[in-house]
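Please have the sequence and the model at hand while reading.

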Amino acid sequence: MEERLDRVLAHLGLGTRKEVGRLIRSGAVRVDGAVVRDRGFKLDPEAARIEVHGEPLAYARHFYVLLHKPAGVLTATRSEHEETVLDLLPNALWRDDLKPVGRLDRDTEGLLVLTNHGELLHRLTHPRWKVAKVYYAELASALPPDAAQRFAEGLLGFAPAGLEVLGPCAARAMLREGKHRQLRRMFAALGAPVVYLRRERFGPLELGGLEPGRARPLESDEVAALLEAVGLA
């Protein structure tokens, strides 16, 4: 499938369409060995050999990023007044077509996947696939003895959830279907409001030691496991 050269270069993270237009006009870009100065030049990016300043570019249609979202940052692609998860990405990972997979509310931190793979994003957020999400919670008050049972029964009419009590005021919860602020509402219904919430796992992916505000590309085996989890492998 053919695409415009400026769109391909912007997709690969070489700058905005305006910036890559200047790059192309400068004569820095070669396609299959020939200098191309026309930003609208059409090519098949998966078949053509593209070089910028003599360096070959490796083309990828889909990108996958794992971010440790800090508290206080919006799970959104743009905001006029507040910092978003896209604002946290370094230049090497930033692309204007990346979208967050699901949402973490403003006060929740932890693992967030961003991708431009539309079908994967759709499946990962669709209830049909029931992708597991694991959270660590610290609570303002002690949990009642029947907390795990009430989670398993579907507290407040939510789908059943797993709960591992780690201490009087700490727990690990697992959801397969998540609604807006669901865990906060469930813990509050048990008389133990959340004071800290972090997502540690999303499907086969783990947050690991990634620091808040930092991001990294997914490894090839992580991408493969994510695709397999929703029947796209």
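This is a predicted model: local features need pLDDT of at least 70, side-chain atom pairs count only at pLDDT 80 or more; totals for chains, interfaces and linings use all residues.

Two bridges join β3 to strand β2, which spans residues 29-31, in the antiparallel sense. Within this pairing, R30 lies opposite V35 of β3.

## Helix α6 and its two sides

Helix α6 comprises residues 220-229, and its buried residues include E222, V223, L226 and L227. These four cover an arc of only 135° around the axis, which places them on the same side of α6. In general, an α-helix has 3.6 residues a turn, so residues three or four places apart point the same way. S220, D221 and E228, by contrast, are exposed on the other side of α6.

The elements against which the buried residues of α6 pack are β7 (64-69), β9 (109-115), α3 (118-125), β14 (205-206) and β15 (215-217). After α6 comes G231, which has a positive phi near 75°.

## V134 in strand β10

Strand β10, residues 133-139, contains V134. This residue counts as buried because its relative accessibility is 9%, below the 20% cut-off.

Leaving aside residues up to four places away in sequence, V134 touches R172, A173, M174, R198, R199, E200 and R201. Between V134 and I24 there is a separation of 110 residues in sequence and 46 Å in space, C-alpha to C-alpha.

Notes
Residues are numbered from 1 along each chain as its sequence is written. Side-chain values use heavy atoms; hydrogens and water are left out. Two strands pair if DSSP finds at least two bridges between them. Buried means under 20% relative accessible area, exposed over 50%, partly exposed in between (1.4 Å probe, protein chains only). The arc is that of the directions from the helix axis to the C-beta atoms. Contact means heavy atoms within 4.5 Å.
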